[in-house]
Amino acid sequence: MRSSGRNNRDSGRGDHRGAGGGTPRPKTGGKRDDKQRAGRPRPEERRYDVGGSGGPGGSSDRKDERGGGAKSGSPESGGAKSGSPKSGGSRGAAARGGAKGGPRTGAASKGSGPGAKGGPQRGRGQVPARPREYDAQVEERNRARHNKPQVKTPKTFGDEEGERLQKVLARAGMGSRRACEELIDQARVEVNGQVVMEQGVRVDPAKDEIKVDGLTVATQSYLFFALNKPAGVVSTMEDPDGRQCLGDYVTNRETRLFHVGRLDTETEGIILLTNHGELAHRLTHPRYGVKKTYLAAIQGPLPRDLGKQLKDGIQLEDGYARADHFRVVENTGKNYLVEVTLHEGRKHIVRRMLAEAGFPVERLVRTSFGPIPLGDQKSGWLRRMTNTEVGMLMREVEL
């Protein structure tokens, strides 16, 4: 019987010439013949090409599983290359064309596709190859991105010198950071003589001079204390004779402190302790004339011109001593409580002046040191000075 055209195409158009022994299969009433069609493997013998590509030309190094031994896309296979649309992986035209070494047929020309011209293969499991020009452009962009010159970031970012001004002010005891920012907004803060008008300014606490309302802010790790020294305490940090001294009130301090000036052993009142050497030196230097105020208990009656005598000067063995201010605070019978203010700091200066005027001192209390008053501080109490008080002291001695 005649074979159909479809069977002729499936057998490779020429199998009847003896290439593979494949003859057209007669129709048998819808039943499949037991003999398998020539050149078609059994289902359990089929192998599917899901792997490598065939190289630049689209050919594969794997041999055709069903064709016998020819490579896919080779001239001997008589079929299309592995990259053609009709090749279908291992199911190429070579499998349909017959056995190894068969003659070429027209199926090879019909099975050719884009893969036959050496283009990128788009078979199953294969990644399309990118042109070399595209890879070169990608590499050039990567190099340009990594070889950019270093950009200098603004001072607001990155590692910078100094600290933010509001942080320094908060650490110095001027309030919370928010409160310090409000001080800056109100133009009450100066750095090195210039009013700060914006937030985020960075300063160096060790070098820059910071003022709030004209008062210098102690931003370094300095300590300032005010002690109400009782009578009988020696104005030294250590005493070899074992007497009570100023050092007994600050024994728990890690930083070494020293006293600013001295008070007589029997004199009470305010005395400053600090570790700021320059401030202590200026507070006691005659050039700056820091005033100290004393309350003295004496016996009267007092002449009316006693204040004038003290202001004009009292002759002592080491020169004249003059008071800046004198007034009577309290008078009970013969008992007088007078206030004397002077800027000198010679030894026993107040006691010697009043004694020379004819009024020995029974009790003496220093009530203020410069702008720092004793107030209601109890005898023997040590307190830390506020930042405002420290600023007032520094302004007194031009620091």
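**View 1. Asp213 is partly exposed, with a relative accessibility of 43%.** Partly exposed covers values between buried, under 20% relative accessible area, and exposed, over 50% (1.4 Å probe, protein chains only). This is a predicted model, in which local features need pLDDT of at least 70 and side-chain atom pairs count only at pLDDT 80 or more, while totals for chains, interfaces and linings use all residues. Residues are numbered from 1 along each chain as its sequence is written, and side-chain values use heavy atoms, with hydrogens and water left out. Asp213 sits in the loop between strand E5 (210–212) and strand E6 (215–216). Helices (H or I, at least four residues) and strands (E, at least two) are DSSP runs, numbered from the N terminus. Asp213 is not a glycine, yet its phi is positive, near 55°.

**View 2. His348 also has a positive phi, near 55°, in a residue other than glycine.** The loop that holds His348 runs between strand E14 (335–342) and helix H9 (349–356). His348 has a relative accessible area of 31% and is therefore partly exposed.

**View 3. Gly300 and Pro301 are joined by a cis peptide bond.** The omega angle of this bond is about 5°. Pro301 belongs to the loop between strand E10 (292–299) and helix H8 (306–312).

**View 4. Cys180 and Cys245 are two buried cysteines.** The relative accessible area of Cys180 is 0%, and Cys245 counts as buried at 3%. A search of the whole structure finds zero disulfides, a disulfide being a pair of cysteine sulfur atoms within 2.5 Å.
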